[in-house]
Amino acid sequence: MDAPSRRRLFVLVIAAVLVLALPVLAAQPPTAAAQDGFVPVSRTAQQETIPAARLVVSAYGFVWVMLLGYLWSIWSRLGKVERELQAVSRRIAAGERRG
Amino acid sequence: MRRLFLPLTIVAAGMFMCAPFLIDGAPYESTMGLVQKIFYFHVPSAMTMFVSAIVCGVASAVYLFKGRPAADRLAAAAAELTSVFGIIVLVTGPLWARKAWGVWWVWDERITSTFVLWLIFNAYLLLRKYGGPGSERLAAGLAVFGMANVPFVYWSVNVWRTLHPKTTVVPTLQPGMRGPFWFCVTAFLLFYVLALSARAHLEARRAELETLYLDIEE
Amino acid sequence: MNFVQTVWLVVRKDVLVEARSREIVYTTLFFAVACVLVFAFGFVNEGRPVTDAAPGILWIAIAFSGTLALGRAFERERQNETLRALMIAPVDRPALYVGKLAGILLLLTVVEVIVVPLVALLFHAPLFSRPALLAALLAAGTTGFAAVGTLFAAMLVRARSRDVLLPVLLYPITIPVIIAGVRGTAALLQADVDVPMARAWLSMLVLFDVVFVTLALWTFEPLMTE
(Lines give C-alpha, C1' and ligand atoms only; values in the text may rest on other atoms or scores of the structure.)
Protein backbone atom coordinates (compact mmCIF):
# COMPACT_ATOMS: atom_id res chain seq x y z
CA MET A 1 0.00 0.00 0.00
CA ASP A 2 1.59 3.29 -1.02
CA ALA A 3 2.00 6.28 1.27
CA PRO A 4 -0.94 8.49 0.14
CA SER A 5 -3.49 5.67 0.35
CA ARG A 6 -1.99 4.56 3.68
CA ARG A 7 -2.46 8.08 4.99
CA ARG A 8 -6.04 8.13 3.75
CA LEU A 9 -6.71 4.83 5.47
CA PHE A 10 -5.20 6.22 8.66
CA VAL A 11 -7.45 9.30 8.54
CA LEU A 12 -10.45 7.08 7.85
CA VAL A 13 -9.65 4.90 10.83
CA ILE A 14 -9.21 7.88 13.13
CA ALA A 15 -12.55 9.20 11.94
CA ALA A 16 -14.15 5.81 12.53
CA VAL A 17 -12.71 5.63 16.03
CA LEU A 18 -14.04 9.09 16.86
CA VAL A 19 -17.46 8.30 15.45
CA LEU A 20 -17.65 5.04 17.34
CA ALA A 21 -16.42 6.62 20.55
CA LEU A 22 -19.39 8.97 20.65
CA PRO A 23 -22.12 6.41 21.40
CA VAL A 24 -19.85 4.79 23.98
CA LEU A 25 -19.33 8.09 25.75
CA ALA A 26 -23.01 8.93 25.35
CA ALA A 27 -23.90 5.69 27.06
CA GLN A 28 -22.56 6.92 30.36
CA PRO A 29 -24.99 5.93 33.08
CA PRO A 30 -26.07 8.79 35.35
CA THR A 31 -23.43 9.09 38.01
CA ALA A 32 -24.51 9.67 41.55
CA ALA A 33 -22.98 12.57 43.44
CA ALA A 34 -21.32 10.00 45.66
CA GLN A 35 -18.93 9.18 42.83
CA ASP A 36 -17.11 12.49 43.17
CA GLY A 37 -14.48 12.93 45.81
CA PHE A 38 -13.51 10.47 48.50
CA VAL A 39 -16.54 8.68 49.83
CA PRO A 40 -16.37 5.79 52.22
CA VAL A 41 -18.53 2.77 51.47
CA SER A 42 -21.50 2.43 53.78
CA ARG A 43 -21.29 -1.32 53.78
CA THR A 44 -18.21 -2.72 55.48
CA ALA A 45 -17.44 -6.30 54.71
CA GLN A 46 -15.28 -6.93 57.76
CA GLN A 47 -14.71 -5.41 61.12
CA GLU A 48 -12.02 -2.75 60.79
CA THR A 49 -9.82 -4.12 63.48
CA ILE A 50 -6.53 -3.07 61.89
CA PRO A 51 -5.49 0.35 63.16
CA ALA A 52 -4.90 2.92 60.45
CA ALA A 53 -1.40 3.78 61.61
CA ARG A 54 -0.21 0.24 60.97
CA LEU A 55 -1.56 0.33 57.43
CA VAL A 56 -0.04 3.73 56.70
CA VAL A 57 3.36 2.74 58.05
CA SER A 58 3.31 -0.55 56.13
CA ALA A 59 2.41 1.29 52.94
CA TYR A 60 5.15 3.86 53.24
CA GLY A 61 7.66 1.28 54.43
CA PHE A 62 6.85 -0.91 51.46
CA VAL A 63 7.33 1.97 49.04
CA TRP A 64 10.71 2.80 50.53
CA VAL A 65 11.81 -0.83 50.41
CA MET A 66 10.72 -1.15 46.78
CA LEU A 67 12.38 2.06 45.60
CA LEU A 68 15.64 1.51 47.42
CA GLY A 69 15.63 -2.19 46.63
CA TYR A 70 15.21 -1.49 42.94
CA LEU A 71 18.03 1.04 42.95
CA TRP A 72 20.20 -1.51 44.69
CA SER A 73 19.33 -4.14 42.09
CA ILE A 74 20.33 -1.81 39.24
CA TRP A 75 23.54 -1.03 41.09
CA SER A 76 24.51 -4.68 41.64
CA ARG A 77 23.63 -5.71 38.07
CA LEU A 78 25.65 -2.80 36.72
CA GLY A 79 28.59 -3.83 38.90
CA LYS A 80 28.45 -7.37 37.53
CA VAL A 81 28.35 -6.19 33.94
CA GLU A 82 31.19 -3.73 34.49
CA ARG A 83 33.36 -6.48 36.02
CA GLU A 84 32.64 -8.75 33.08
CA LEU A 85 33.42 -5.94 30.65
CA GLN A 86 36.78 -5.38 32.30
CA ALA A 87 37.58 -9.09 32.26
CA VAL A 88 36.72 -9.42 28.58
CA SER A 89 38.65 -6.28 27.65
CA ARG A 90 41.69 -7.65 29.45
CA ARG A 91 41.36 -10.90 27.53
CA ILE A 92 41.16 -9.05 24.23
CA ALA A 93 44.15 -6.85 25.12
CA ALA A 94 46.17 -9.92 26.15
CA GLY A 95 45.19 -11.67 22.94
CA GLU A 96 46.26 -8.67 20.85
CA ARG A 97 49.61 -8.42 22.58
CA ARG A 98 50.29 -12.07 21.92
CA GLY A 99 48.81 -12.02 18.45
CA MET B 1 22.45 13.66 31.68
CA ARG B 2 25.64 12.17 33.06
CA ARG B 3 26.74 15.35 34.81
CA LEU B 4 23.29 15.98 36.19
CA PHE B 5 22.83 12.46 37.54
CA LEU B 6 24.50 12.87 40.91
CA PRO B 7 23.06 16.29 41.81
CA LEU B 8 19.61 15.17 40.73
CA THR B 9 19.93 12.04 42.82
CA ILE B 10 20.71 14.18 45.84
CA VAL B 11 17.70 16.36 45.07
CA ALA B 12 15.46 13.32 44.76
CA ALA B 13 16.75 11.83 47.99
CA GLY B 14 16.19 15.15 49.71
CA MET B 15 12.65 15.35 48.38
CA PHE B 16 11.86 11.89 49.61
CA MET B 17 13.20 12.74 53.02
CA CYS B 18 11.13 15.92 53.20
CA ALA B 19 8.01 14.26 51.94
CA PRO B 20 6.95 12.58 55.19
CA PHE B 21 7.08 15.93 57.01
CA LEU B 22 5.02 17.66 54.35
CA ILE B 23 2.54 14.80 54.33
CA ASP B 24 2.30 14.94 58.10
CA GLY B 25 1.55 18.65 57.92
CA ALA B 26 -1.25 18.21 55.41
CA PRO B 27 -4.81 18.32 56.69
CA TYR B 28 -6.67 15.13 57.44
CA GLU B 29 -9.36 14.12 55.00
CA SER B 30 -12.74 14.38 56.67
CA THR B 31 -14.05 10.87 56.29
CA MET B 32 -10.97 8.67 56.20
CA GLY B 33 -8.59 10.29 58.60
CA LEU B 34 -5.05 9.01 58.83
CA VAL B 35 -5.25 6.23 56.31
CA GLN B 36 -5.96 8.66 53.50
CA LYS B 37 -2.36 9.79 53.77
CA ILE B 38 -1.39 6.74 51.77
CA PHE B 39 -2.80 8.77 48.89
CA TYR B 40 0.35 10.90 48.76
CA PHE B 41 2.44 7.94 47.64
CA HIS B 42 -0.24 5.81 46.05
CA VAL B 43 -1.45 8.29 43.43
CA PRO B 44 2.00 9.55 42.37
CA SER B 45 3.06 5.89 41.98
CA ALA B 46 0.05 5.28 39.78
CA MET B 47 0.84 8.35 37.69
CA THR B 48 4.45 7.25 37.35
CA MET B 49 3.35 3.77 36.36
CA PHE B 50 1.19 5.15 33.56
CA VAL B 51 3.92 7.51 32.42
CA SER B 52 6.33 4.58 32.31
CA ALA B 53 3.87 2.48 30.33
CA ILE B 54 3.56 5.23 27.77
CA VAL B 55 7.35 5.74 27.61
CA CYS B 56 7.76 2.01 27.01
CA GLY B 57 5.08 2.04 24.35
CA VAL B 58 6.51 5.02 22.49
CA ALA B 59 10.08 3.74 22.70
CA SER B 60 8.87 0.35 21.45
CA ALA B 61 7.08 1.95 18.54
CA VAL B 62 10.25 3.86 17.65
CA TYR B 63 12.25 0.64 17.86
CA LEU B 64 9.73 -1.27 15.74
CA PHE B 65 9.51 1.28 13.00
CA LYS B 66 12.91 2.95 13.07
CA GLY B 67 15.07 0.15 14.41
CA ARG B 68 17.07 2.24 16.87
CA PRO B 69 18.67 -0.01 19.52
CA ALA B 70 18.75 2.85 22.03
CA ALA B 71 14.97 2.98 21.85
CA ASP B 72 14.80 -0.73 22.59
CA ARG B 73 17.01 -0.34 25.64
CA LEU B 74 14.85 2.53 26.89
CA ALA B 75 11.76 0.42 26.37
CA ALA B 76 13.22 -2.47 28.36
CA ALA B 77 14.12 -0.10 31.21
CA ALA B 78 10.68 1.52 31.17
CA ALA B 79 8.92 -1.85 31.21
CA GLU B 80 10.81 -2.92 34.30
CA LEU B 81 9.96 0.36 36.02
CA THR B 82 6.29 -0.01 35.04
CA SER B 83 6.34 -3.36 36.80
CA VAL B 84 8.03 -1.92 39.91
CA PHE B 85 5.66 1.03 40.25
CA GLY B 86 2.78 -1.30 39.49
CA ILE B 87 3.73 -3.42 42.48
CA ILE B 88 3.83 -0.28 44.61
CA VAL B 89 0.38 0.82 43.44
CA LEU B 90 -1.17 -2.62 43.82
CA VAL B 91 0.18 -3.03 47.36
CA THR B 92 -0.44 0.46 48.74
CA GLY B 93 -3.94 0.48 47.25
CA PRO B 94 -5.25 -2.52 49.17
CA LEU B 95 -3.55 -1.28 52.33
CA TRP B 96 -5.59 1.90 51.98
CA ALA B 97 -8.70 0.07 50.82
CA ARG B 98 -8.69 -2.19 53.84
CA LYS B 99 -9.42 0.79 56.06
CA ALA B 100 -11.42 2.93 53.68
CA TRP B 101 -13.68 0.26 52.19
CA GLY B 102 -13.31 -2.60 54.63
CA VAL B 103 -11.97 -5.06 52.06
CA TRP B 104 -8.52 -5.76 50.67
CA TRP B 105 -9.64 -5.99 47.07
CA VAL B 106 -12.62 -5.09 44.89
CA TRP B 107 -13.07 -5.92 41.25
CA ASP B 108 -14.00 -2.52 40.00
CA GLU B 109 -12.92 -1.38 36.55
CA ARG B 110 -9.98 0.85 37.34
CA ILE B 111 -8.29 -1.43 39.85
CA THR B 112 -8.81 -4.38 37.56
CA SER B 113 -7.50 -2.50 34.55
CA THR B 114 -4.39 -1.37 36.42
CA PHE B 115 -3.77 -4.96 37.39
CA VAL B 116 -4.18 -5.98 33.74
CA LEU B 117 -1.75 -3.31 32.60
CA TRP B 118 0.75 -4.56 35.14
CA LEU B 119 0.30 -8.10 33.83
CA ILE B 120 0.90 -6.91 30.28
CA PHE B 121 4.22 -5.36 31.14
CA ASN B 122 5.24 -8.41 33.14
CA ALA B 123 4.44 -10.44 30.03
CA TYR B 124 6.77 -8.06 28.17
CA LEU B 125 9.57 -8.85 30.61
CA LEU B 126 8.89 -12.60 30.37
CA LEU B 127 8.93 -12.42 26.59
CA ARG B 128 12.25 -10.60 26.56
CA LYS B 129 13.77 -13.09 28.96
CA TYR B 130 12.45 -16.38 27.56
CA GLY B 131 11.51 -15.66 23.98
CA GLY B 132 14.91 -16.40 22.56
CA PRO B 133 16.69 -14.36 19.90
CA GLY B 134 14.68 -11.71 18.20
CA SER B 135 12.30 -11.39 21.12
CA GLU B 136 13.10 -7.69 21.52
CA ARG B 137 11.04 -6.96 18.47
CA LEU B 138 8.13 -9.08 19.59
CA ALA B 139 8.23 -7.50 23.03
CA ALA B 140 8.17 -4.09 21.35
CA GLY B 141 4.99 -5.14 19.54
CA LEU B 142 3.44 -6.23 22.80
CA ALA B 143 4.37 -2.92 24.44
CA VAL B 144 2.67 -0.99 21.64
CA PHE B 145 -0.51 -2.95 22.28
CA GLY B 146 -0.08 -2.46 25.99
CA MET B 147 0.17 1.27 25.51
CA ALA B 148 -2.97 1.23 23.39
CA ASN B 149 -4.70 -0.29 26.40
CA VAL B 150 -3.75 2.64 28.67
CA PRO B 151 -6.59 4.89 27.44
CA PHE B 152 -9.06 2.07 27.99
CA VAL B 153 -7.69 1.80 31.51
CA TYR B 154 -7.86 5.48 32.36
CA TRP B 155 -11.16 5.98 30.64
CA SER B 156 -12.96 3.11 32.32
CA VAL B 157 -13.48 5.07 35.53
CA ASN B 158 -15.07 8.02 33.82
CA VAL B 159 -17.44 5.92 31.74
CA TRP B 160 -18.65 3.18 34.05
CA ARG B 161 -19.89 3.39 37.63
CA THR B 162 -17.21 2.36 40.01
CA LEU B 163 -16.22 2.30 43.65
CA HIS B 164 -12.83 3.93 43.07
CA PRO B 165 -12.66 7.72 43.44
CA LYS B 166 -13.14 9.35 40.07
CA THR B 167 -10.25 11.02 38.32
CA THR B 168 -11.73 14.45 39.11
CA VAL B 169 -10.57 14.11 42.70
CA VAL B 170 -7.11 15.56 42.09
CA PRO B 171 -8.19 18.95 40.67
CA THR B 172 -10.59 19.47 43.57
CA LEU B 173 -8.14 18.76 46.35
CA GLN B 174 -8.21 20.96 49.44
CA PRO B 175 -5.50 23.64 49.30
CA GLY B 176 -3.60 22.13 52.23
CA MET B 177 -3.34 18.82 50.41
CA ARG B 178 -2.29 20.17 47.06
CA GLY B 179 1.23 21.18 48.09
CA PRO B 180 2.34 17.86 49.53
CA PHE B 181 0.59 15.97 46.74
CA TRP B 182 2.34 17.74 43.88
CA PHE B 183 5.60 17.64 45.83
CA CYS B 184 5.31 13.88 45.98
CA VAL B 185 4.41 13.69 42.30
CA THR B 186 7.55 15.65 41.46
CA ALA B 187 9.65 13.47 43.74
CA PHE B 188 8.33 10.28 42.15
CA LEU B 189 8.78 11.54 38.61
CA LEU B 190 12.31 12.68 39.39
CA PHE B 191 13.11 9.29 40.86
CA TYR B 192 11.57 7.70 37.79
CA VAL B 193 13.72 9.69 35.38
CA LEU B 194 16.86 8.85 37.33
CA ALA B 195 16.04 5.16 37.64
CA LEU B 196 15.10 4.99 33.97
CA SER B 197 18.38 6.48 32.83
CA ALA B 198 20.33 4.22 35.18
CA ARG B 199 18.50 1.14 33.95
CA ALA B 200 18.93 2.14 30.30
CA HIS B 201 22.62 2.65 31.00
CA LEU B 202 22.76 -0.92 32.33
CA GLU B 203 21.21 -2.16 29.08
CA ALA B 204 23.74 -0.16 27.07
CA ARG B 205 26.66 -1.69 28.98
CA ARG B 206 25.17 -5.15 28.45
CA ALA B 207 24.99 -4.46 24.73
CA GLU B 208 28.66 -3.44 24.76
CA LEU B 209 29.50 -6.68 26.51
CA GLU B 210 27.63 -8.62 23.84
CA THR B 211 29.61 -6.93 21.08
CA LEU B 212 32.87 -7.65 22.87
CA TYR B 213 31.95 -11.32 23.17
CA LEU B 214 31.12 -11.39 19.48
CA ASP B 215 34.49 -9.79 18.71
CA ILE B 216 36.29 -12.48 20.67
CA GLU B 217 34.55 -15.21 18.74
CA GLU B 218 35.76 -13.84 15.45
CA MET C 1 -2.41 -9.10 -6.95
CA ASN C 2 -4.57 -6.79 -4.97
CA PHE C 3 -5.53 -6.82 -1.34
CA VAL C 4 -8.85 -8.62 -1.58
CA GLN C 5 -7.48 -11.29 -3.90
CA THR C 6 -4.65 -12.05 -1.49
CA VAL C 7 -7.04 -12.27 1.44
CA TRP C 8 -9.31 -14.59 -0.49
CA LEU C 9 -6.43 -16.82 -1.54
CA VAL C 10 -5.09 -17.12 2.01
CA VAL C 11 -8.52 -17.93 3.39
CA ARG C 12 -9.20 -20.42 0.64
CA LYS C 13 -5.86 -22.13 1.26
CA ASP C 14 -6.50 -22.41 4.97
CA VAL C 15 -10.03 -23.69 4.50
CA LEU C 16 -8.95 -26.26 1.93
CA VAL C 17 -6.07 -27.54 4.05
CA GLU C 18 -8.31 -27.71 7.08
CA ALA C 19 -11.17 -29.34 5.19
CA ARG C 20 -8.93 -32.24 4.20
CA SER C 21 -7.85 -33.20 7.70
CA ARG C 22 -10.39 -31.32 9.83
CA GLU C 23 -7.87 -31.70 12.64
CA ILE C 24 -8.05 -28.22 14.11
CA VAL C 25 -11.83 -27.95 13.84
CA TYR C 26 -12.50 -31.21 15.61
CA THR C 27 -9.91 -30.78 18.33
CA THR C 28 -10.88 -27.18 19.03
CA LEU C 29 -14.56 -28.05 19.11
CA PHE C 30 -13.98 -30.96 21.44
CA PHE C 31 -11.81 -28.84 23.67
CA ALA C 32 -14.45 -26.09 23.85
CA VAL C 33 -17.15 -28.58 24.79
CA ALA C 34 -14.88 -30.20 27.37
CA CYS C 35 -14.13 -26.75 28.75
CA VAL C 36 -17.81 -25.97 29.15
CA LEU C 37 -18.41 -29.31 30.86
CA VAL C 38 -15.53 -28.84 33.29
CA PHE C 39 -16.91 -25.43 34.23
CA ALA C 40 -20.39 -26.89 34.46
CA PHE C 41 -19.14 -29.37 37.05
CA GLY C 42 -17.19 -26.65 38.76
CA PHE C 43 -20.02 -24.17 39.08
CA VAL C 44 -23.01 -26.36 39.72
CA ASN C 45 -24.60 -25.58 43.05
CA GLU C 46 -26.66 -28.38 44.64
CA GLY C 47 -27.44 -30.01 41.34
CA ARG C 48 -28.70 -26.82 39.80
CA PRO C 49 -26.68 -24.80 37.32
CA VAL C 50 -25.41 -21.43 38.38
CA THR C 51 -27.07 -19.37 35.65
CA ASP C 52 -25.02 -16.30 36.45
CA ALA C 53 -21.96 -18.20 35.38
CA ALA C 54 -23.22 -18.84 31.84
CA PRO C 55 -21.80 -15.70 30.14
CA GLY C 56 -18.44 -16.14 31.85
CA ILE C 57 -18.20 -19.79 30.96
CA LEU C 58 -19.14 -19.09 27.38
CA TRP C 59 -16.46 -16.47 26.91
CA ILE C 60 -13.80 -18.42 28.76
CA ALA C 61 -14.48 -21.40 26.53
CA ILE C 62 -14.14 -19.15 23.48
CA ALA C 63 -10.90 -17.65 24.79
CA PHE C 64 -9.30 -20.98 25.71
CA SER C 65 -10.30 -22.80 22.56
CA GLY C 66 -9.36 -19.76 20.50
CA THR C 67 -5.86 -19.78 21.96
CA LEU C 68 -5.56 -23.47 21.21
CA ALA C 69 -6.74 -23.00 17.63
CA LEU C 70 -4.34 -20.11 17.06
CA GLY C 71 -1.43 -22.13 18.36
CA ARG C 72 -2.29 -25.12 16.20
CA ALA C 73 -2.94 -23.07 13.07
CA PHE C 74 0.41 -21.35 13.19
CA GLU C 75 2.26 -24.47 14.28
CA ARG C 76 1.05 -26.01 11.05
CA GLU C 77 2.46 -23.07 9.13
CA ARG C 78 5.74 -23.32 10.96
CA GLN C 79 6.17 -27.03 10.37
CA ASN C 80 5.69 -26.67 6.66
CA GLU C 81 7.69 -23.45 6.45
CA THR C 82 4.72 -21.98 4.61
CA LEU C 83 4.77 -18.81 6.66
CA ARG C 84 8.16 -17.90 5.33
CA ALA C 85 6.93 -18.64 1.83
CA LEU C 86 3.97 -16.35 2.42
CA MET C 87 6.20 -13.58 3.69
CA ILE C 88 8.48 -13.85 0.67
CA ALA C 89 5.54 -13.70 -1.71
CA PRO C 90 5.15 -10.31 -3.41
CA VAL C 91 1.85 -9.53 -1.75
CA ASP C 92 0.62 -6.94 0.70
CA ARG C 93 1.68 -8.05 4.17
CA PRO C 94 -1.48 -6.65 5.80
CA ALA C 95 -3.47 -8.78 3.39
CA LEU C 96 -1.76 -11.87 4.78
CA TYR C 97 -2.74 -10.82 8.27
CA VAL C 98 -6.36 -10.22 7.27
CA GLY C 99 -6.45 -13.56 5.47
CA LYS C 100 -5.19 -15.46 8.51
CA LEU C 101 -7.57 -13.51 10.74
CA ALA C 102 -10.52 -14.38 8.52
CA GLY C 103 -9.57 -18.05 8.66
CA ILE C 104 -9.39 -18.03 12.45
CA LEU C 105 -12.71 -16.19 12.65
CA LEU C 106 -14.36 -18.82 10.47
CA LEU C 107 -13.04 -21.53 12.71
CA LEU C 108 -14.20 -19.80 15.88
CA THR C 109 -17.62 -19.16 14.35
CA VAL C 110 -18.02 -22.88 13.79
CA VAL C 111 -17.03 -23.49 17.40
CA GLU C 112 -19.44 -20.87 18.70
CA VAL C 113 -22.33 -22.25 16.68
CA ILE C 114 -21.99 -25.43 18.71
CA VAL C 115 -20.93 -24.01 22.08
CA VAL C 116 -23.48 -21.20 22.45
CA PRO C 117 -26.55 -23.48 22.27
CA LEU C 118 -24.72 -25.95 24.50
CA VAL C 119 -24.19 -23.31 27.19
CA ALA C 120 -27.80 -22.17 26.81
CA LEU C 121 -28.90 -25.75 27.29
CA LEU C 122 -26.68 -26.69 30.22
CA PHE C 123 -27.23 -23.52 32.19
CA HIS C 124 -30.89 -22.88 31.29
CA ALA C 125 -29.73 -19.48 30.09
CA PRO C 126 -32.09 -17.59 27.80
CA LEU C 127 -29.31 -16.66 25.42
CA PHE C 128 -31.59 -16.49 22.41
CA SER C 129 -34.04 -13.91 23.65
CA ARG C 130 -32.17 -11.27 21.68
CA PRO C 131 -30.39 -13.23 18.95
CA ALA C 132 -29.24 -10.28 16.84
CA LEU C 133 -27.62 -8.50 19.75
CA LEU C 134 -26.05 -11.71 21.00
CA ALA C 135 -24.68 -12.48 17.57
CA ALA C 136 -23.27 -8.95 17.33
CA LEU C 137 -21.62 -9.26 20.74
CA LEU C 138 -20.12 -12.61 19.84
CA ALA C 139 -18.90 -11.34 16.49
CA ALA C 140 -17.34 -8.19 17.91
CA GLY C 141 -15.76 -9.98 20.85
CA THR C 142 -14.40 -12.86 18.82
CA THR C 143 -12.99 -10.44 16.26
CA GLY C 144 -11.20 -8.48 18.98
CA PHE C 145 -9.76 -11.60 20.52
CA ALA C 146 -8.76 -13.11 17.18
CA ALA C 147 -7.28 -9.86 15.89
CA VAL C 148 -4.76 -9.68 18.71
CA GLY C 149 -4.32 -13.45 18.79
CA THR C 150 -3.53 -13.79 15.10
CA LEU C 151 -0.85 -11.13 15.32
CA PHE C 152 0.74 -12.58 18.45
CA ALA C 153 0.62 -16.16 17.21
CA ALA C 154 2.21 -15.11 13.93
CA MET C 155 4.97 -13.14 15.59
CA LEU C 156 5.73 -15.89 18.07
CA VAL C 157 6.14 -18.55 15.39
CA ARG C 158 9.91 -18.31 15.51
CA ALA C 159 10.25 -17.59 19.21
CA ARG C 160 11.28 -19.99 21.92
CA SER C 161 8.67 -21.14 24.46
CA ARG C 162 6.01 -20.05 21.99
CA ASP C 163 3.38 -22.44 23.33
CA VAL C 164 3.30 -20.92 26.76
CA LEU C 165 4.11 -17.37 25.69
CA LEU C 166 1.04 -17.05 23.48
CA PRO C 167 -1.47 -17.22 26.37
CA VAL C 168 0.88 -15.17 28.57
CA LEU C 169 0.86 -12.36 26.03
CA LEU C 170 -2.66 -12.73 24.74
CA TYR C 171 -4.83 -12.95 27.84
CA PRO C 172 -3.83 -9.69 29.55
CA ILE C 173 -4.26 -7.71 26.34
CA THR C 174 -7.65 -9.22 25.58
CA ILE C 175 -9.08 -8.99 29.08
CA PRO C 176 -11.05 -5.85 28.12
CA VAL C 177 -12.64 -7.88 25.33
CA ILE C 178 -13.58 -10.68 27.67
CA ILE C 179 -14.94 -8.26 30.26
CA ALA C 180 -17.03 -6.44 27.68
CA GLY C 181 -18.25 -9.69 26.15
CA VAL C 182 -19.22 -11.22 29.47
CA ARG C 183 -20.90 -8.09 30.80
CA GLY C 184 -22.72 -7.53 27.53
CA THR C 185 -23.97 -11.12 27.43
CA ALA C 186 -24.91 -10.91 31.10
CA ALA C 187 -26.96 -7.79 30.37
CA LEU C 188 -28.90 -9.84 27.85
CA LEU C 189 -29.52 -12.64 30.32
CA GLN C 190 -31.03 -10.56 33.07
CA ALA C 191 -34.69 -11.02 33.93
CA ASP C 192 -35.47 -7.58 32.55
CA VAL C 193 -33.10 -7.43 29.63
CA ASP C 194 -30.87 -4.37 29.77
CA VAL C 195 -30.63 -3.54 26.07
CA PRO C 196 -28.94 -0.12 26.40
CA MET C 197 -26.24 -1.66 28.58
CA ALA C 198 -25.68 -4.47 26.12
CA ARG C 199 -25.51 -1.95 23.29
CA ALA C 200 -23.02 0.15 25.24
CA TRP C 201 -20.73 -2.84 25.77
CA LEU C 202 -21.16 -3.71 22.12
CA SER C 203 -19.98 -0.27 21.03
CA MET C 204 -16.98 -0.59 23.30
CA LEU C 205 -16.17 -3.93 21.69
CA VAL C 206 -16.46 -2.45 18.23
CA LEU C 207 -14.18 0.43 19.24
CA PHE C 208 -11.68 -2.05 20.63
CA ASP C 209 -11.86 -4.04 17.38
CA VAL C 210 -11.21 -1.00 15.23
CA VAL C 211 -8.28 0.16 17.35
CA PHE C 212 -6.62 -3.21 17.63
CA VAL C 213 -7.13 -4.39 14.06
CA THR C 214 -5.60 -1.12 12.91
CA LEU C 215 -2.68 -1.53 15.29
CA ALA C 216 -2.18 -5.09 14.12
CA LEU C 217 -2.22 -4.07 10.47
CA TRP C 218 0.27 -1.37 11.23
CA THR C 219 2.70 -3.51 13.21
CA PHE C 220 2.38 -6.75 11.27
CA GLU C 221 5.14 -5.92 8.80
CA PRO C 222 7.86 -4.80 11.25
CA LEU C 223 7.04 -7.62 13.65
CA MET C 224 7.25 -10.34 11.03
CA THR C 225 10.44 -9.15 9.39
CA GLU C 226 13.57 -10.75 10.69
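Guide: C:His124 has its place in the loop between α5 (93-122) and α6 of chain C, where helices (H or I, at least four residues) and strands (E, at least two) are DSSP runs, numbered from the N terminus. This is a predicted model, in which local features need pLDDT of at least 70 and side-chain atom pairs count only at pLDDT 80 or more, while totals for chains, interfaces and linings use all residues. Residues are numbered from 1 along each chain as its sequence is written, and chains are lettered from A and ligands numbered from 1 in the order in which they are written.

Although C:His124 is not a glycine, its phi is positive, at about 50 degrees. C:His124 is exposed, with 10 other C-beta atoms within 10 Å; a residue counts as exposed if 12 or fewer other C-beta atoms, placed from the backbone, lie within 10 Å of its own, as buried if 20 or more do, and as partly exposed in between.

At 1.5 Å a residue, the 26 residues of α6(C) should span 38 Å, and the end C-alpha atoms are 36 Å apart, which agrees; the expected span is 1.5 Å times one less than the number of residues.

The axes of α6(C) and α7(C) come within 9 Å and cross at roughly 170 degrees, the axes being lines fitted to C-alpha atoms, for helices over the stretch in contact, with angles from 0 to 180 degrees between N-to-C directions. That makes α6(C) roughly antiparallel to α7(C), a label for angles over 145 degrees. By class, their contact has 16 nonpolar, seven polar and one charged residues, where Ala, Val, Leu, Ile, Met, Phe, Trp, Tyr, Cys and Pro count as nonpolar, Asp, Glu, Lys and Arg as charged, and the others, Gly among them, as polar.

Turning to the neighbouring chain, 21 residues of chain C are in contact with 23 residues of chain B, contact meaning that the C-beta atoms of two residues, placed from the backbone, lie within 7 Å. On the side of chain C that touches chain B, α6 (131-156), α7 (162-189) and α8 (195-224) each supply at least two residues, and α7(C) gives the most, with seven residues.

Methods. Angles under 35 degrees count as roughly parallel, over 145 as roughly antiparallel, 65 to 115 as roughly perpendicular and the rest as oblique.
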